[in-house]
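Let's take a friendly walk through a few local features of this protein. Have the structure open as you read.

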Amino acid sequence: MSSESTDMVSNFLSKPLPWHGAQWQPLVQRMQAGLLSHALLLKGVPGVGKGYFAGAMATRVLCHQNSGEYACGHCKSCELVRAGTHPDLLVVQPEATGKPIKIDQIRQVNEFARKTAQQGGRRVIVINPAEAMNVNAANALLKSLEEPGGDTLFILVSARSGDMLPTIRSRCQMVSFTVPDIAQAKAWLSDHIADPLVVDQLLSLSSGSPMTARAMFDHDTLAVRGRLFNAMPELFRGNLTPVEMAKEWHTGNLVELLAWMGSWLDDAVKLKLAADESCVRNRDLMRMLDYMANKVEAADLLVLRDKIMQQRQQLLEGANLNSQMLMEGVFSDYLELVI
């Protein structure tokens with residue numbers, strides 16, 4: 001397994017997550033019949049476990065016990081996968097969050113795809129997230145996808161498959177993922193989070209994506225979000241300037257922070273137009289949301305929401321934005337809405 005895969009080793013489980021049955025079973029049946037495509041594109045919203053599915057499928061394909069629905073978990077191949085040292089498994093991901101997958105990494109993929117499997121079975125290449133490939137890298141991958149080896153499986157994982165080259169998408173079997181049933185998500189999260197009210201709040205904030213909700217819990221996101229929320233009235237009252245706010249917040253997870261601030265504006269619009277709290281995601285912040293809904297026109301709320309989400313998208317795509325200036329602008333725009 002490539003050293004690039006170290007951040008994903010924990011994703012390589014013997015079984016997929018509980019809500020993956022509809023995607024898992026048809027692929028295993030095709031594999032057992034010798035009909036599995038040479039390239040899979042796992043696409044769908046973030047936070048539903050596509051990376052875990054990719055890991056479980058890679059482990060199953062490489063497992064020496066070929067008859068079961070899942071990898072056995074104890075053969076030599078499964079042990080090598082679990083240790084992160086399987087010679088026939090290559091995982092490619094950006095060198096750092098928000099960075100692209102470069103052409104040199106895909107050249108390594110192409111070289112790996114030409115080799116003979118050392119364990120006598122198949123070779124598996126996982127690229128996650130696939131949309132992170134820059135144009136040169138994506139074009140370099142096409143040759144291997146067009147002329148795959150008979151024992152090589154590509155698994156591409158993407159939350160934004162529309163950003164990928166159509167020529168790559170067309171060479172893959174699409175496997176679509178959506179958020180699971182709320183009962184399944186709650187049951188899975190309840191094994192990790194004791195308080196059912198926290199589970200409900202996290203699922204609301206994550207739009208039902210259980211992996212996102214779990215990550216929020218593990219990183220104490222509710223506490224960080226609460227600090228930002230508590231600072232906003234100080235900004236509105238003039239006790240803190242946008243520059244002072246930016247100094248406090250520009251070093252954090254800006255993708256997450258902008259998502260919160262965009263969702264607050266979105267909720268304020270919903271309250272203004274529908275006057276219905278049931279459609280609000282941030283129900284614990286109703287006082288501030290009501291204030292913005294009563295103070296600002298819906299069109300102005302939407303303009304700023306769209307601007308913030310565009311900036312967030314730029315960060316996701318690896319744009320090298322000045323974080324201090326970015327957050328000064330966001331806090332200034334928020335302030336101008338309510339003064």
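## Q324 and its surroundings

In this predicted model, the side chains of Q324 and E328 make a polar contact at 2.8 Å. Q324 belongs to helix 15, which covers residues 323-338.

Is Q324 buried or exposed? Its relative accessible area is 16%, under the 20% cut-off, so Q324 counts as buried. Setting aside neighbours within four places in sequence, Q324 is in contact with V243, A246, K247 and H250.

## Where helix 7 meets helix 8

Next, have a look at a pair of helices. Helix 7 (residues 182-190) and helix 8 (residues 196-205) have axes that come within 10 Å and cross at roughly 125°. That angle makes helix 7 oblique to helix 8, and the crossing is right-handed.

Which residues make the contact? From helix 7 come I182, A185, K186, L189 and S190, while helix 8 supplies V199, D200 and L203. Sorted by class, the contact of helix 7 with helix 8 has five nonpolar residues, one polar residue and two charged residues.

## M174 in strand 5

Our last stop is M174, found in strand 5 (residues 173-177). With a relative accessibility of 35%, M174 counts as partly exposed. Beyond its neighbours within four places in sequence, M174 is in contact with L41, K43 and R169.

How far apart are M174 and A33 in sequence and in space? The two are separated by 141 residues in sequence, and their C-alpha atoms lie 19 Å apart.

Terms used:
Residues numbered from 1 in each chain as written. Predicted model: local features only at pLDDT ≥ 70, side-chain atom pairs only at ≥ 80, totals over all residues. Heavy atoms only, no water. Helix = DSSP H or I, 4+ residues; strand = E, 2+ residues; numbered from the N terminus. Buried < 20%, exposed > 50% of the residue type's maximum accessible area, 1.4 Å probe, protein only. Polar contact = N/O pair within 3.5 Å; in protein donor to acceptor, adjacent residues only side chain to side chain. Contact = heavy atoms within 4.5 Å. Axes fitted to C-alpha atoms, helices over the stretch in contact; angles between N-to-C directions. Parallel < 35°, antiparallel > 145°, perpendicular 65-115°, else oblique. Left-handed = near helix turned anticlockwise from the far one by under 90°. Nonpolar A, V, L, I, M, F, W, Y, C, P; charged D, E, K, R; others polar.
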